[in-house]
Amino acid sequence: MAAVVVSLASSFAVSSPSSPSLLFARFRTASTSSFRFSFAVSPLFNSKRGKLMAHTLARATLGLTQPANIDVPKIAFAAKDIDAVEWKGDILAVGVTEKDMAKDENSKFQNSILERLDVQLSGLLAEASSEEDFTGKSGQSVVLRLPGIGSKRVGLIGLGQSASTPTAFRGLGEAVAAAAKAAQASNVGIVLASSEGLSAESKLTAASAISSGTVLGLHDDTRYKSESKKTALKSVDILGLGSGPELDKKLKYAEDVSSGIIFGRELVNSPANVLTPAVLAHEASKIASAYSDVISATILDAEQCKELKMGSYLGVAAASANPPHFIHLCYKPIGGPAKAKLALVGKGLTFDSGGYNIKTGPGCSIELMKFDMGGSAAVLGAAKAIGQIKPPGVEVHFIVAACENMISGTGMRPGDIVTASNGKTIEVNNTDAEGRLTLADALVYACNQGVEKIVDLATLTGACVVALGPSIAGVFTPSDDLAKEVIAASELSGEKLWRMPLEESYWESMKSGVADMVNTGGRQGGAITAALFLKQFVDEKVQWMHIDMAGPVWNDKTKAATGFGISTLVEWVLTNSS
């Protein structure tokens, strides 16, 4: 921790790092307990050096671990209206449905693009696809090195029975990325075998999703490995979906959102000995620095949070040697007042031991509890993307109560009563239900910003994972209008949400004999009672949604973060933009 403080202190030119509160002393004023500033630190992304934002995490002392600075591959995407048969490069990837693979009685393709390619390849494409038993099913792919056309290789990527959703097109991009990595290709062309039935808007969506899938598919987080392979891919041409400024704008949007997703992934992937609450706050501050024309930062230390009576949040943070940092970024659009004011609140537990109710036994996943700040990663990843996109007419507050849940003599005990900043008292019957305690004060703070709508995201309950599995997040809200907005945004992003009930009768299990409430009910309906708990800290005039993303935050197959939630949040913000 000492080295982290020194790093931060040197950035802010603070003379003495001996106390966490001194870090912020020069920014405080007599009139307010918070402060606003623009950080004079290196931007998160330096185009000259090509360093990705999350690679600039401050130095940590424990284990002497420091993330490597890795050159970020810069991929040029271009939309071109040229015949795929004439395209020249390393791999021509063709997205095909099962219907596209249909052949006539002479074993010839009926699809026009495949038929023209097959003619140029003297029938070898049809022959090879049959030998490889490629039928166009989703998840199938085959890359063939065949002479006869401008590209060195032809890849067939299966899209299933039909291809009309962002998820399908993003999957195409991911499959192309895998093929490009395997072949060490430097340039790739991508074409849909059947794009005639797509509307102009659908073509824009398809191009955006393909490019996003390609970028995310290429991303490998190797910052903590002693060796890493460099990506050879330099350019991607998207063929047959049109061209022009509208499509170029859509490709730029995909690039901005993808950079936010990669940032979020790398925050979650970073171990707790590197990504402390102070470092998470430092990373947030650099977003404000990089996009200072539209984003400002407020970082509160423990003393300032105490002045705001955040007893629930500070109770969780009390056991850790790493002090808490309350993060508030504010996006204000250029050129005029905002018509809508939104807040995105993310759970920011950089490590969760469970506290005195320590996580033990098979399936407790304590070794993965670095991802308990996945909600904050989604919020900050969205902030980075919004800072680049700069949507008009909407003000957005990005709020994270960052801390660790540890064990020590100063820590919160089972049976303790904490008081949240809205005056409500909570009997802590389980220290491992800590995320909701930090969110309680964060939600009160968000309401005090005068926002009309709040979406909070948290890796909150195992109960939600049991209910919905590893790829679907549960959403809880009393507002049908807000539910429609956010779920519509998720359909555009391709992320899976499922609305869950807020069953008020379950609140009976959350009542305390000595305080206003306990922090956990029984095992049954655990995700619902957690959401009902959060509801106690939201102003009734504010539309609010809770997203429990404990399942989709992590991919067990790749053993890495997914970046879940970021693209949905960005889409939702744009929905509220004028």
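Which residues are linked in a network of salt bridges?

Modeller: That would be D221, R223 and E266. Before going further, keep in mind that this is a predicted model, where local features need pLDDT of at least 70, side-chain atom pairs count only at pLDDT 80 or more, and totals for chains, interfaces and linings use all residues. Numbering starts from 1 along each chain as its sequence is written, and side-chain values use heavy atoms, with hydrogens and water left out.

Side chains of opposite charge can pair when their charged atoms come close. The rule here takes a side-chain nitrogen of Lys or Arg within 4 Å of a carboxyl oxygen of Asp or Glu as a salt bridge, and the count comes to 20.

Let's walk through three of them. E255 pairs with K74, with 3.2 Å between the closest N and O atoms. E255 sits in helix α6 (residues 245–269) and K74 in the loop between α1 and β1, so this bridge ties together parts that are 181 residues apart in sequence. Helices here are DSSP runs of H or I with at least four residues, strands are runs of E with at least two, and both are numbered from the N terminus. As for cover, buried means under 20% relative accessible area, exposed over 50%, and partly exposed in between (1.4 Å probe, protein chains only). K74 counts as exposed because its relative accessibility is 56%, while E255, at 39%, is partly exposed.

Next up, D83 bridges to R116, the closest N and O atoms being 3.1 Å apart. D83 is in the loop between β1 and β2 (89–96) and R116 in helix α2 (residues 112–120), so parts 33 residues apart in sequence are tied together. D83 is partly exposed at 32%, and R116 is partly exposed at 34%.

Then there's D432 with K359, at 3.0 Å from N to O. D432 lies in the loop between β12 (425–427) and α11 (435–447), and K359 in the loop between β9 and α10, so the pair joins parts 73 residues apart in sequence. With 15% relative accessibility, K359 counts as buried, whereas D432 is partly exposed at 25%.

That loop between β9 (340–352) and α10 (374–389) also holds I358, which is partly exposed at 41%. Together with Y356 and I407, I358 forms a nonpolar surface patch with about 260 Å² of accessible area. Patch members have over 30% relative accessible area and no salt bridge; like charges are joined within 9 Å, and nonpolar side chains (Val, Leu, Ile, Met, Phe, Trp, Tyr) within 5 Å. The areas come from the Shrake-Rupley method with a 1.4 Å probe, and for residues just the protein chains shown count as cover.

The H328 side chain makes a polar contact with the side chain of H397 at 2.8 Å. That term means a pair of N or O atoms within 3.5 Å; within protein, one must be able to donate a hydrogen and the other to accept it, and residues adjacent in sequence count only if both atoms are side-chain atoms. H328 is buried, at 3% relative accessibility.
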